[in-house]
Amino acid sequence: MSAVSDGGRPDPASSETTLSILEEAFNRLKRSIWVFHLNTGSCNGCDIEVLDILTPYFDVERFGIKLVGSPRHADLILLTGPVTIKTISKVVRAIKAMPRPRLVLALGSCGVGGGIWFNTYTTLGGYPKLEKILKDAGVEVDKVVYVPGCPVRPEAIIYGVAVLLGLLQPKSRHRRVPAVEG
Amino acid sequence: MVKFLKMLSISVREGTATRKYPFESPLVTPEFRGKIEVDPVKCVGCGACTRICPPKALTLSYENNEATLKYFVGRCIFCGMCAYVCPQKAITISKEFELATWELEDLYDETTHTTVKCRICGKPFTTVKFANEIRRRIENKVPEDLLNVCPECRKKLATRKIGSRVVGVSGE
């Protein structure tokens, strides 16, 4: 980290310094993360699975993952639901309230691509469409991991968190194959 | 105190309930439905799956003389209807559910088909494999003049044919 100025105190004006601060924060995150559960109009299927990973059966607290009641305390937002029009302002405010680095885990088919509600008039259709609104509002999100599933399995959420923290490499790859005459 | 000792005896008898998931195999039942897989050998590109798919996770699009069957896992609700309706049994339901990724692009699966162009208007309207499959199923009983003609042009052709038969004039 060359951006750290003399005296060990980083210069807040330089963008490289902010980056190094972010990296430092990411390193600190490797110890444990606190999550905030954000429902953006979901059917409660994914919410029940989020509850499931907190029960003794899957018990994510063995990894140090803890559910907190305020986005101000959270490192990661578990975003479920297709982001209905009514919830947009609250979602943006909740994500804005998070300290950097802001991490988002878009859960379920609704959170990733809108699911059944991908093009209805009352929903935005998942996190990718919310991203533009966040950009306009000036809210930067540092990392997003998409976790498909309907509802998303508790194991898949644990896997998603592992992918987010860089402990595992994602298995999914873009595949484009020509049909073969059989 | 007595109550606590009672609980202790129960917990000793029952053992640990917590699953050691990342270090052991996940709990997947035989009925479990995960990500679907399209077999590029069996798929003919008929589009039956795209019509039944409730969230339209499967789409068939024609562009640049190429038909693309696009599967977006991020929108799939894992209902298995596509595998049920597929006339060629090209779609299989796998047990894969660990699909988390940070690139949205990674959630797309595409199968490309070569297309048949309409003999009259030159517009691509179906895939080569689908046309061959139909021809095989009806044992080449299709009239010669209706071969490789798109539905719209076929409509016009049929109208002309009937007109010429009724009025006695050729529609040309």
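The following exercises, with worked solutions, concern a predicted model. Local features require pLDDT of at least 70 and side-chain atom pairs count only at pLDDT 80 or more, while totals for chains, interfaces and linings use all residues. Residues are numbered from 1 along each chain as its sequence is written, and chains are lettered from A in the order in which they are written.

**Exercise 1.** State the confidence of chain A.

Solution. The pLDDT is the predictor's confidence in each residue, from 0 to 100. Its average over chain A is 83, and 84% of the residues score at least 70. Residues 1-12 of chain A, however, fall below 50.

**Exercise 2.** Identify the residues that touch the most other members of the largest nonpolar core.

Solution. Such a core is a set of buried Ala, Val, Leu, Ile, Met, Phe, Trp, Tyr and Cys residues joined through C-beta atoms within 7 Å; buried denotes 20 or more other C-beta atoms within 10 Å of a residue's own, with C-beta atoms placed from the backbone. Among its 65 residues, the answer is Ile77(A), Leu105(A), Ala106(A) and Val147(A). Helix H6 (residues 154-164) of chain A, a DSSP run of at least four residues in state H or I, supplies the largest share, seven residues.

**Exercise 3.** Describe the contact of chains A and B.

Solution. Contact requires C-beta atoms, placed from the backbone, within 7 Å. Chain A contributes 41 residues and chain B 37. Strand E5 (residues 108-117) gives the largest share of chain B's side, six residues. Four bridges join E5(B) to strand E6 (residues 175-178) of chain A, and the two run parallel. Within this pairing, Pro178(A) stands opposite Thr112(B).

Note on methods
Contact = placed C-beta atoms within 7 Å. Buried ≥ 20, exposed ≤ 12 C-beta atoms within 10 Å, placed from the backbone. Pairing = 2+ DSSP bridges.
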